[in-house]
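Here is a friendly walk through one protein model, going from its sheet to its helices and then to its metal site. Keep the picture open beside you as you read.

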Amino acid sequence: MAYELPPLPYDYAALEPHIDEATMKLHHDKHHQAYVTNLNGAVEKHPELAKHTPEELLANLATIPEDVRKVVQNHGGGHVNHTMFWEIMKANGGGEPTGAIAAQITADFGSFEEFKKQFNDAATKQFGSGWGFLVFKGGKLVIVTKPNQDSPLSDGLYPILGNDVWEHAYYLKYQNKRPDYLAAWWNTVNWDEINKRFAKAKQ
Ligand code: MN3
């Protein structure tokens, strides 16, 4: 297989009580696995694609053969988005941002509180399934939302962080209360990993 499901970098229950064990099991083992399986199905039809990372495929969607382009966009996007998602969370995460990202958040949003408010507002308003992302554009942090599994990589932007607002990410525990999930999610974030991604976004 060209692409593989990365193991969850912590226990399924590690993000309790903010994200429950049952949601993590389904989300990682079933949903993320399905994106990987379907991406591999597309690559089987065009084996030359397998020499690229999934990030490269998303950054060059226009060059993907048309018969699998949508599959790569949706399932390659799902693979890359979820791989980021697991890595930017950790047990006993959250708290105030640290390092370079903390200074940039204060510079661009005034405060961490104001940034969270704007991010959660944008992600709440994303109609249907999708993601809220933070990217670095024109020397500034910018909040963007995307439908489905679309990736900012396809716009030439590197996602520094992102939160999944598909119902599968929160419905077991939070039901229809997406804003409650969004508020709780900040207690899981891994600022060390987000700082690494911010450094990459600035390159
Ligand atoms: Mn998901």
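Strand β1 (residues 130–137) and β2 pair in the antiparallel sense over 8 bridges. Before going further, a word on the source: this is a predicted model, where local features need pLDDT of at least 70 and side-chain atom pairs count only at pLDDT 80 or more, while totals for chains, interfaces and linings use all residues. Residues are numbered from 1 along each chain as its sequence is written, and side-chain values use heavy atoms, with hydrogens and water left out.

Strands (E, at least two residues) and helices (H or I, at least four) are DSSP runs numbered from the N terminus, and two strands pair if DSSP finds at least two bridges between them. β1 also pairs with β3, again antiparallel, over 4 bridges. Together, 3 strands make an open, antiparallel sheet in the order β2-β1-β3. β2 (140–147) and β3 (161–164) are the edge strands, each pairing on one side only. From one strand to the next the twist averages 20°.

Some residue pairs to find across the sheet:

| Residue | Opposite residue and strand |
|---|---|
| F136 | L141 in β2 |
| G132 | N163 in β3 |

The hairpin of β1 and β2 has 2 residues between the strands, and G138 there takes a positive phi near 60°.

How enclosed is β1? It is largely enclosed by the rest of the structure, because 7 of its 8 residues are buried; buried means under 20% relative accessible area, exposed over 50%, and partly exposed in between (1.4 Å probe, protein chains only). L134, found in β1, counts as buried because its relative accessibility is 0%. Contact means heavy atoms within 4.5 Å. Not counting residues up to four places away in sequence, L134 touches a set of residues including I101, F109, F115, F119 and Y158. L134 and F198 are 64 residues apart in sequence and 9.5 Å apart in space, C-alpha to C-alpha.

Now for the helices. In α4 (residues 99–109), I101, A102, Q104, I105 and F109 are buried. Those buried residues pack against α5, β1, β2 and α8 (191–202). Just after α4, G110 has a positive phi of about 95°.

α5 lies across β1, β2 and β3, running at about 20° to β2. Axes are lines fitted to C-alpha atoms, for helices over the stretch in contact, and angles run from 0 to 180 degrees between N-to-C directions. The axes of α5 (residues 112–125) and α7 (residues 178–185) come within 10 Å and cross at roughly 145°. From α5, N120, A123 and T124 make the contact, and from α7, R178, P179, L182 and A183.

Which residues hold the manganese ion? H27 (NE2), H82 (NE2), D164 (OD) and H168 (NE2) coordinate the ion at 1.9 to 2.2 Å. Donors are N, O and S atoms within 2.8 Å of the metal (3.2 Å for Na, K and Ca); water is not among the atoms, so sites may look incomplete. In sequence, the donor residues are spaced H-x54-H-x81-D-x3-H. D164 and H168 are both buried. Leaving aside neighbours within four places in sequence, T23 is in contact with H168, A169 and L172. T23 lies in helix α1 (residues 21–45) and, at 2% relative accessibility, T23 counts as buried.
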